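Colleague: I would like to go through the labels on this model one by one. Tell me what each of them rests on.

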Amino acid sequence: MQTNEASQESEIKQVIRSLCMMNNRFMNFMLDDNKEAAQVFLRVILEDDKIKVRNVRIQSFIQNIYGHSSQLDILAQDSEGRYFNVEVQRSDEGAPARRARFYSSILDTHFLQPSKLYEELPDTYVIFITENDVLRDNLPLYNIRRRIDENAKCFEDGSRIIYVNSQRRDDTALGKLMQDLYCTEPKNLHYQEFAECMEFLEYSKEGEEKMTDVIEEYAARKAEAVAKEAAEAMAKEKKIEFAKDLLAEGMSIEFTVRLSKLSEAEVRELASKLSA
């Protein structure tokens, strides 16, 4: 029993220490109420060392009584009152242009109070950090604003959408930040604002307890994989028994392959064993 518990504990530690910030949940833990870490993200991505983060929250749910509601991965506000929504997307399907547009609009509806003027609407930034180059122009960063077609001037309405291509991991400040997103060892991080938090989450008992939901998610995926493997093994066994019955009744190799869905090599091996 103790051996099994020790093995399970070791496995949990391995899972936690294999996590990086491109894992959505781990990123949330890294930035939850961590103003310094959030500040690094925003300063590097926006190339503005003057940004001072006032507060940062994870998994902020924004209710929309008239339509689709949203749960934002990371929502930060700076000292100037600007709002920054950061989303980590490993799947290309999770970062379509219209999702970025919707997130931008829902920030507007949420942060303009009934008594406020339109001029008081805060500036908003929706930032998608994507595993792949979803916009496919091989740029490290895509800074998107509205513009006037006739003169190509920016239409400054205070909203911006930014796509960050995490595949561009070079020696620039942004490239080093992208390297850190895939880093699993605190000592190898370029930005030390992340190191202390990663050390805590990956190597302390308190950090392990804090990431209970990550461990539970891993356990659920593992249980699902085991169940799937067992089901596939059972299905394969049934195919083999069915093929044996067909061969025993004198059916041809070709006929048995077609009905049992086994490969020809597998059926021939069964046939050779039956005739031995």
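Colleague: What is the strand order in the open sheet of 6 strands?

Modeller: This is a predicted model. The order is β1-β2-β3-β4-β6-β5, and the pairing is mixed.

Colleague: What makes β1 and β5 edge strands?

Modeller: Each of them pairs on one side only. β5 covers residues 141-144. On average, neighbouring strands in this sheet are turned by 20° against each other, direction ignored.

Colleague: How do you know that β2 and β3 pair?

Modeller: Pairing needs at least two DSSP bridges. Strand β2 (residues 70-78) and strand β3 (residues 83-89) are joined by 4 bridges, so they count as paired. The two strands run antiparallel.

Colleague: Which strands does helix α4 lie across?

Modeller: Helix α4, residues 97-111, lies across β1, β2, β3, β4 and β6. Its direction is at about 150° to β4.

Colleague: Why is α2 called roughly perpendicular to α3?

Modeller: The axes of α2 (residues 24-31) and α3 cross at roughly 115° and come within 7 Å. The perpendicular class runs from 65 to 115 degrees, which makes α2 roughly perpendicular to α3.

Colleague: Which residues touch the most other members of the largest nonpolar core?

Modeller: Phe41, Ile45, Ile127, Ile129, Leu177 and Phe194, out of 46 residues. Helix α3 (residues 35-46) supplies the largest share, 8 residues. A second, separate core has 16 residues, including Leu72, Tyr83, Leu107 and Val126.

Colleague: What does Phe194 touch, leaving out residues up to four places away in sequence?

Modeller: Met21, Met30, Ala37, Val40, Phe41, Leu177, Asp180 and Leu189. Contact here means heavy atoms within 4.5 Å.

Colleague: Why is Lys50 called exposed?

Modeller: Its relative accessible area is 72%. Exposed means over 50%, so Lys50 qualifies.

Colleague: Where is Lys50, and how many Å separate it from Ser79?

Modeller: Lys50 is in the loop between α3 and β1, the strand at 53-62. Lys50 and Ser79 are 29 residues apart in sequence. In space they are 9.8 Å apart, C-alpha to C-alpha.

Technical notes. Residues numbered from 1 in each chain as written. Predicted model: local features only at pLDDT ≥ 70, side-chain atom pairs only at ≥ 80, totals over all residues. Heavy atoms only, no water. Core = buried A, V, L, I, M, F, W, Y, C linked by side-chain atoms within 4.5 Å. Buried < 20%, exposed > 50% of the residue type's maximum accessible area, 1.4 Å probe, protein only. Axes fitted to C-alpha atoms, helices over the stretch in contact; angles between N-to-C directions. Parallel < 35°, antiparallel > 145°, perpendicular 65-115°, else oblique.
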